[in-house]
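Reader: Hello! I am new to this structure and would like to look at it piece by piece. Could you walk me through it?

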Amino acid sequence: MSAGTDKIAVTISNIVKLNDLVTRFEFKRTDGELFPTFSGGAHTVIEMKDGDITRLNPYSLMSDPRDQSTYMISVRRDDEGRGGSLFMHNNVSVGDEMVLSYPVNLFSLDLRAKKHLMIAGGIGITPFMAQIKQLDHAHGNWELHYACRSEALGSYVDELTSTHPNDVNIYYDDQKQFIDLENLLDGQPLGTHIYVCGPKGMIDWVRGKAAELGWPREAVHYEEFLAPQPGKPFEVKLAVSNKVIQVGEQESLLEAMEREGVDAPYLCRGGACGQCETNVIGYDGKFIHRDHWLEEDEHASGKKIMPCVSRFEGKTLVLDR
Amino acid sequence: MSKFKFPESIKSRPVYGTLEPRAGKAHLFVADAEGAEAILDVAKADKDLVANAHIIYIPKNTGDTYVKKLEALKPQQMYVGPSYAASVTRLQRTLADAHMGLQVYLTGTEGLMGQAMLEATNAGIPYTAIQTEHRGSVARRMQCVHCKGITEDVIMDPFVCSHCGLNLFVRDHYSRRLAAYQGVCIDAEDPGNVPEAVELYK
Amino acid sequence: MTIQFNEETFRDDYTFKNSDWAIKRFPFPFHEDSYMYAVNMEQHRGGPDGSVYEKRFDVDEHYVAEMKDRAMVLNDDPLRCQSLPHMTLAGWDLLELIMVSKSEDYPDLFELHRDGDQWHWINKPLGIDDKFTFMDETTLPYGPMEYITRQTQGDFCVLDQRDDNLWMDAGIVTTQADWSLDFDIGMNFFEWHAPVPLAHEKGIFVRALKFLLNIQQGSPARRLNWTMTVNPLLDTSPENYHKWGVQKTTLTPENIGEKQHLRVELQTFFRLPRSNALVFPIRCYLCSFQDLMTVPKWGRRLHRVIRDLPVELATYKGFIDNRPMMLDYLSKFDDGKPTSDGIWPDLETEPALEK
């Protein structure tokens, strides 16, 4: 079985361009039934039929988790990436049929928290949109700190500040407004949990500062899905299925395996969930590990690889698939 | 010597470590009896940390042995309590005002560490972030699974429940939420057939 | 089919009995002639018609009597049902899952009518007809988990998922194989399984946890587990062990066929959507040795499994003292013939006992 999830056939019901970079896509179920509810922080994997290629990209669900009529995602256009976001921006129209996975949550709220402190950077705002709605229904105690490049690129800023003027704090880079993290973390009551979603630098900054100030690891939650990066083509031998496959410049190892009909499990396709962890049987060359699932010593061991985001350069690579 | 190496056991049994200084803006020590020695050891490693700390200490049967030595560390706040029960409201008050980043250090008997840990986790600190070091008596805090009564400082196995009078054997199964090990009737299948009590770990 | 609910007891005079229908659909837990722990998980998406796997929450002839027994247990000891404060949302998830499943799977017995958050629930076998507001605890007589599980056979553990582990933070446990919810509530997956012998060493729990953490919405899983109980006693709790433990010593060669029961748990696992918690229903089925022996394949197999079971497991499952007497009884139903693979009775294809 591949993804540990069922699929839902959907029809695009609305497309809203929010600014130069970000567009919102809204879905209805094609069969007219209701969507399953979900928990704030969940993502869905969306299947894109891009010519001969099937792209599978994860996006955070940002609609109200209780609203079973519509699912919404927001996609940031990445002109440098491999084309998933460009496909959504350029090739998708209202009325198109697509396929989504059931929701999967790898960035769940800790419902024991006495306070939820959310820190978002850029498009990292999307999981918080759903979490805030969930917490509002439950009368939860939360506070958002959201850094954007500029007012023009501040997706959902108006909506957030008008509905929650006291709980939402916005910082614009171009106006030299920055989160004063040390002060923010200092003085938070016991039982506060931090959630951070944004670029890698921001996540590392928040985790580092929290550790320095004595915050427990379990009270700091983060989500960063990596998009697979292009790289030099390479060849892989798959021992179990007895196949030799080529991984192209623009595809990931996981995608190449799927293209060849080799079953590999996945949930996030972004180096975070651990589902696609694969044993290395032999190699001659060097790994380009990009996941944040394996530990450093595992990366160094040459015994494991996460095919969703990591690559290989060298002569031979043999995997247990 | 106040240290004891517990034999390996099942996964629900707590494993204690050695207290070490950790980064944090505030530090809270809760100790009983020989646990004072572990605080003195931390002070050797980081005098300033302990000087900035709040110490809640219950001497139990050690009397004055350690009180002066602890006072000599000049902690920012120190309280010497006659019993855990007498100290717990102070502990709760301290935690209610505390902020994230507080470091909690528990040392002494299992019963003391377990109960203080429960207060700290209720206040919102994950139990894995709380340091513990066992010192002194290996007696246990036991809950009778039948009547739910707690018997403190159990050292013999089997023992008689101080509430309902059943003969209980001492299990290693431990509940953080109750801060107690589980005691189960030993002669349920053969009433009256109770083996002779032996001291724990002997 | 319409189910005829038994009038029966699981205590005192023990009038519990299985009909022929119930015996044939009993979830016999051994797929081969030996037993060892395994991560024996499979998808929970139906099964053969009439089997205990067919519906999401199986309802059988014992339903009404089991619910009466549960009410008595809770009356005596309310601590058998507990939910830590952060688990209320998961309780609503569970209520929704069970009401939707049962009203779809047994429309003749259960009805659910929803108008927004105004819900109307009809449980015909128990004579319940309640209107309430979904997600408003004040409109139900109990918390949502307790309300619905007082109407659903089997124990329920509701597990919070965080820090790559599962935490037993809520549950209702009145038909258990000798473990205490009141003691274990708040523990993680490894801690509440701590007393189980051998399985930790075999890495069973590490693999099982990995599987469970990845169970997703819409893709439930299941497995069987088993133990032994003297008399059809549902409430074999540690709390009351000092009262029921002595019943184990009442077995004699004359009464063992009637008194000794194989106790099977159908364990299922569902991801709960709103809370991201996991619910772990543990449904208990009891069958006396003499009823099991009416299926020749099961007679042969049960003898072999019990005979070859490691001492640690027979001790943990609480029947080491009675094992010799069980084997004397069971050996009469084992003629040494081979058995077919799988758990099903195969009454048409397996040979009759030749002994």
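This is a predicted model: local features need pLDDT of at least 70, side-chain atom pairs count only at pLDDT 80 or more; totals for chains, interfaces and linings use all residues.

**Rings and backbone**

Reader: Which arrangement do the rings of Tyr106(C) and Phe110(C) have: stacked or edge-to-face?

Author: A pair of aromatic rings is described by the distance of the centres and the angle of the planes. For Tyr106(C) and Phe110(C), the centres are 6.4 Å apart and the planes stand at 80°. Planes over 60 degrees apart count as edge-to-face. The pair of Tyr106(C) and Phe110(C) is therefore edge-to-face.

Reader: Is Tyr106(C) buried or exposed?

Author: Buried means under 20% relative accessible area. Tyr106(C) has a relative accessible area of 8%, so the residue is buried.

Reader: How many aromatic pairs are there over all chains?

Author: Rings pair if their centres lie within 6.5 Å. By that rule, the count over all chains comes to 42 aromatic pairs.

Reader: How many residues apart are Phe107(A) and Tyr195(A), which form a pair?

Author: Their rings are edge-to-face, 6.3 Å centre to centre with 80° between the planes, and both residues are buried. Phe107(A) sits in the loop between β7 and β8 of chain A, while Tyr195(A) belongs to strand β11. The pair thus links distant parts of the chain, and the two residues are apart by 88 residues.

Reader: Which ring has Arg176(B) over its face?

Author: A charge sits over a ring if, among other conditions, CZ of Arg is within 6 Å of the ring centre. Arg176(B) lies at 3.6 Å from the ring centre, over the face of Tyr127(B).

Reader: Is His139(A) buried or exposed?

Author: His139(A) is in the loop between α2 and β9 of chain A, and has a positive phi of about 55° although it is not a glycine. Exposed means over 50% relative accessible area. At 73%, His139(A) therefore counts as exposed.

Reader: And Ala33(B), is that residue buried or exposed?

Author: Ala33(B) also has a positive phi, near 40°, in a residue other than glycine. Its place is the loop between β1 and α1 of chain B. With a relative accessible area of 2%, Ala33(B) is buried.

Key: Residues are numbered from 1 along each chain as its sequence is written. Chains are lettered from A and ligands numbered from 1 in the order in which they are written. Side-chain values use heavy atoms; hydrogens and water are left out. Helices (H or I, at least four residues) and strands (E, at least two) are DSSP runs, numbered from the N terminus. Buried means under 20% relative accessible area, exposed over 50%, partly exposed in between (1.4 Å probe, protein chains only). Rings of Phe, Tyr and Trp (its six-membered ring) pair if their centres lie within 6.5 Å; planes under 30 degrees apart count as stacked, over 60 as edge-to-face and the rest as tilted. A charge sits over a ring if NZ of Lys or CZ of Arg is within 6 Å of the ring centre and within 35 degrees of the ring normal.
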